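Hello,

Here is the structure for your files. My notes on it come after the model.

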Amino acid sequence: MRKLLLPLVATLPLLAGGCIAKTAWDVATLPVKAGSQAVDWTTTSQEESDRNYGKKMREKEAREGKERRKREKECKKNPETCQSYDGYRASDPE
């Protein structure tokens with residue numbers, strides 16, 4: 001019985017070697033994969049940052065448009081108390 005068991009045990013790593021090596025590799029790289037996934041969840045990509053900035057600017061423009069329409073309506077009712085709004089103008093560099 002012992003003579004039969006020794007060759008079987010000797011050939012077992014050859015038969016399952018790839019599977020064991022892959023499992024060992026997966027176990028060894030698991031902390032790195034988990035860490036990189038956590039970093040990916042906590043950071044903002046450039047595309048996401050651009051999308052958020054664009055959304056914020058569109059909301060700001062919508063608020064400004066609503067405020068401008070509100071002022072125009074008030075100007076029509078009371079022209080003497082009206083201040084004209086020409087939008088944002090950059091200052092002259094002079």
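Predicted model: local features only at pLDDT ≥ 70, side-chain atom pairs only at ≥ 80, totals over all residues.

Residues are numbered from 1 along each chain as its sequence is written, and side-chain values use heavy atoms, without hydrogens and water.

The protein chain has 2 helices and 0 strands (DSSP runs, H or I of at least four residues for helices and E of at least two for strands, numbered from the N terminus). Of its 94 residues, 4% are buried (under 20% relative accessible area; exposed is over 50%, partly exposed in between; 1.4 Å probe, protein chains only).

Helix 2 covers residues 46–77. Its 32 residues should span 46 Å at 1.5 Å a residue, and the end C-alpha atoms are 47 Å apart, which agrees (the expected span is 1.5 Å times one less than the number of residues). Gly54, Gly65 and Cys75 are buried in helix 2.

Arg68 also lies in helix 2. Arg68 counts as partly exposed because its relative accessible area is 33%.

Regards
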